[in-house]
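Have the sequence and the model at hand while reading.

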Amino acid sequence: MKQMLNMLGLCARAGKLITGEKACVQAIRAGSAHAAALDRAAAQNAVKAVSNACEYHGVPLVWTPEFALGDAIGKPGRMAAVVTDEAMAARVVQLNHMD
């Protein structure tokens, strides 16, 4: 899990991460998101919006421990993020399955 969180932080520093529920859903619908991450502490409405968009558009969804996503990307309090780089997204998904 720590490696996946580190990779999400790297994506943020590289400018390949979009955060916030509404921006994430827009990116998923636009086809620019290759993976999504949700914090386990996210509100039910945010979880529903992002997970439904991911399911409909075929975007992989990974979960992070409670309150870990915001800290990992340097934006405490953020509960949703999408990776816009295809290779980085593939690595995030791969690291999620390794844990």
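The crossing of α1 and α5 is left-handed. This is a predicted model. Helix α1 covers residues 2-13 and helix α5 covers residues 86-98. Their axes lie 8 Å apart, and the packing angle is about 165°. Angles over 145 degrees count as roughly antiparallel, so α1 and α5 are roughly antiparallel. From α1, the contact uses Gln3, Met4, Met7, Leu8, Leu10 and Cys11. From α5, Met88, Arg91, Val92, Leu95 and Asn96 take part.

**Helix α5**

α5 has 13 residues. From its first C-alpha to its last, the helix reaches 19 Å, close to the 18 Å expected at 1.5 Å a residue. Its buried residues are Met88, Ala89, Val92, Val93, Leu95 and Asn96. Why do they sit on the same side of α5? They cover an arc of only 165° around the axis, and that puts them on the same side. The face turned away from this buried side carries the exposed residues Glu86, Ala87, His97 and Met98. Cover for the buried residues of α5 comes from elements including α1, β2, β3 and β4.

Asn96 deserves a separate look. It is found in helix α5. Buried means under 20% relative accessible area, so Asn96, at 19% relative accessibility, counts as buried. Neighbours within four places in sequence aside, Asn96 is in contact with Met1, Met4, Val62 and Trp63.

**Helix α3 and its partner α2**

On the α2 side, Glu21, Val25, Ile28 and Arg29 make the contact. They meet Asn45, Ala46, Ala49, Val50, Ala53, Cys54 and His57 in α3.

Helix α3 runs over residues 44-57. At 1.5 Å a residue, its 14 residues should span 20 Å; the end C-alpha atoms are 20 Å apart, which agrees. Which residues of α3 are buried? They are Ala46, Val50, Ala53 and Cys54. Seen down the axis of α3, these buried residues fall within an arc of 100°, so they line one face of the helix. An α-helix has 3.6 residues a turn, so residues three or four places apart point the same way. On the other side of α3, Gln44, Asn45, Lys48, Glu55 and Tyr56 are exposed. What covers the buried residues of α3 includes α2 (21-30), β2 (35-39), β3 (61-64) and β4 (80-83).

Ala53 lies in helix α3. It is buried, with a relative accessible area of 6%. Neighbours within four places in sequence aside, Ala53 is in contact with Val25 and Ile28. Its C-alpha atom is separated by 6.9 Å from that of Arg29, a residue 24 places away along the chain.

**Loops and strand β3**

Just after α3, Gly58 takes a positive phi of about 70°. Gly58 is found in the loop between α3 and β3. Its C-alpha atom is 9.7 Å from that of Gly31, and 27 residues separate the two along the chain.

Phe67 also has a positive phi, near 60°, in a residue other than glycine. Its place is in the loop between β3 and α4 (69-73).

Thr64 is placed in strand β3. Leaving aside neighbours within four places in sequence, Thr64 is in contact with Met1, Met4, Leu5, Leu8, Leu38, Asp39, Arg40 and Leu69.

| Residue | Relative accessible area | State |
|---|---|---|
| Thr64 | 0% | buried |
| Ala53 | 6% | buried |
| Phe67 | 51% | exposed |
| Gly58 | 63% | exposed |

How values were computed
Residues are numbered from 1 along each chain as its sequence is written. This is a predicted model: local features need pLDDT of at least 70, side-chain atom pairs count only at pLDDT 80 or more; totals for chains, interfaces and linings use all residues. Side-chain values use heavy atoms; hydrogens and water are left out. Helices (H or I, at least four residues) and strands (E, at least two) are DSSP runs, numbered from the N terminus. The expected span of a helix is 1.5 Å times one less than its number of residues. Buried means under 20% relative accessible area, exposed over 50%, partly exposed in between (1.4 Å probe, protein chains only). The arc is that of the directions from the helix axis to the C-beta atoms. Contact means heavy atoms within 4.5 Å. Axes are lines fitted to C-alpha atoms, for helices over the stretch in contact, and angles run from 0 to 180 degrees between N-to-C directions. Angles under 35 degrees count as roughly parallel, over 145 as roughly antiparallel, 65 to 115 as roughly perpendicular and the rest as oblique. A crossing is left-handed if the near helix is turned anticlockwise from the far one by less than a right angle, and right-handed if clockwise.
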